[in-house]
Amino acid sequence: REEDDSPRPAFDFKAYLAGKLASVNEALDGAVPLRDPLRIHEAMRYSLLAGGKRVCPIFCIAACEIVGGAQPVAMPAACSLEMIHTMSLIHDDLPCMDNDDLRRGKPTNHKVYGEAIAVLAGDALLALAFEQIAVKTEGVPPARIVRAIGELARLIGAEGVVAGQVADVSSEGMSNVGLKELEFIHLKKTAALLEASVVLGAIMGGGSNDEVEKLRSFARSTGLLFQVVDDILDVTKSSQELGKTAGKDLVAGKVTFPKLLGIEKSREFAKELNQNAQGQLAGFDPKKAAPLVALADYVASRQS
Ligand code: GRG
């Protein structure tokens, strides 16, 4: 940001992340106590508390704060987003989907608890997510809570995350996937949950319609950016490890942004997405916007 000489308030991003991570982890732990029936609650906790980056909850809380809301009003929604993220990972890892043995450095849910319990743990997390928002949100008018629930259901359902996953599964092994299709897959599969996180945070925090829509656009760009950067890292990592086995996605012949655009154009696309994301934040109080600005920059510049 050399070209930008507007005064920027000092912001300790590391301390911000550490603080949010600790509050989110504590809230998640409390949201799924070990109770009867024991096995299913164990399976839910096993994946939910396995140490993810908590990207969705942190974006959700930061979006609440940028519109002037306080963290507690967004916390149940923030937890619900992590529950849904976790259920999507549990189901994505199943033999009928990606068939993965490891997740977050540990054996996948179905490897530990068996397929039936893994499916059910995902289902129960999805139900609990909606219960959290409906029952645990405090200090927010009911109309806002209902609006949030509607947004969430739409963004993860058959027009949202599920649509992205369906397109992804059916595009596997296809050689004619174009840029439009790839963007569709990732806007739905990856960006929709981030969109839900940010939109729910903004709604709970009392954002105006205009603020909610700006933050929606911010989240869509940032979500797509996450995937473009991921694809670029996959290429640069595997070329660094030349001679060793290439990244799994390359072997599987999965379509990626670098495959369709080349590395240079992919980097330009990433830059454009980050600029659009940052542009959406321009009208907000810079002090309140600092966390979302830093989060998008972090997504853009992460090295692993
Ligand atoms: C949501 C109703 C509903 C169904 C799910 C299986 C499925 C349908 C969707 C799959 C979605 C999926 C696995 C998307 C990939 C998301 C993604 C970017 C995962 C990586 O997340 P990280 O790196 O993981 O943030 P951590 O472990 O840090 O949380």
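Which residues come nearest to the ligand? Gly52, Lys53, Ser88, Asp92 and Gln165 do, out of 18 residues around the ligand. A residue counts as near a molecule if its C-beta atom, placed from the backbone, lies within 6 Å of it.

This is a predicted model: local features need pLDDT of at least 70, side-chain atom pairs count only at pLDDT 80 or more, and totals for chains, interfaces and linings use all residues. Residue numbers start from 1 along each chain as its sequence is written.

**Ligand shell**

Two or more residues of the shell come from each of the elements α4 (71–93) and α8 (161–171). Helices here are DSSP runs (H or I, at least four residues), as are strands (E, at least two), numbered from the N terminus. The largest share of the shell, 6 residues, belongs to α4. By class, the shell holds 8 nonpolar, 6 polar and 4 charged residues. Nonpolar means Ala, Val, Leu, Ile, Met, Phe, Trp, Tyr, Cys and Pro; charged means Asp, Glu, Lys and Arg; the others, Gly among them, are polar.

**Helix packing**

Two packed helices are described by the angle between their axes and the distance between the axes. Helix α11 (residues 209–240) packs with helix α14 (residues 263–280) at an angle of about 155°, and their axes are 8 Å apart. α11 is therefore roughly antiparallel to α14. Axes are lines fitted to C-alpha atoms, for helices over the stretch in contact, with angles from 0 to 180 degrees between N-to-C directions. Angles over 145 degrees count as roughly antiparallel, under 35 as roughly parallel, 65 to 115 as roughly perpendicular and the rest as oblique. The crossing of α11 past α14 is left-handed: the near helix is turned anticlockwise from the far one by less than a right angle. In the contact of α11 with α14, 13 residues are nonpolar, 7 polar and 3 charged.

**Backbone details**

The peptide bond from Asp36 to Pro37 is cis, with omega near -10°. Pro37 sits in the loop between α1 (13–31) and α2 (38–48).

Two arginines have a positive phi although neither is a glycine.

| Residue | Phi | Loop |
|---|---|---|
| Arg54 | about 60° | between α2 and α3 (55–66) |
| Arg104 | about 50° | between β1 (102–103) and β2 (106–107) |

Arg54 counts as buried because it has 23 C-beta neighbours inside 10 Å. Arg104 counts as exposed because it has 12 C-beta neighbours inside 10 Å. Buried means 20 or more other C-beta atoms within 10 Å of the residue's own, exposed 12 or fewer, and partly exposed in between, with C-beta atoms placed from the backbone.
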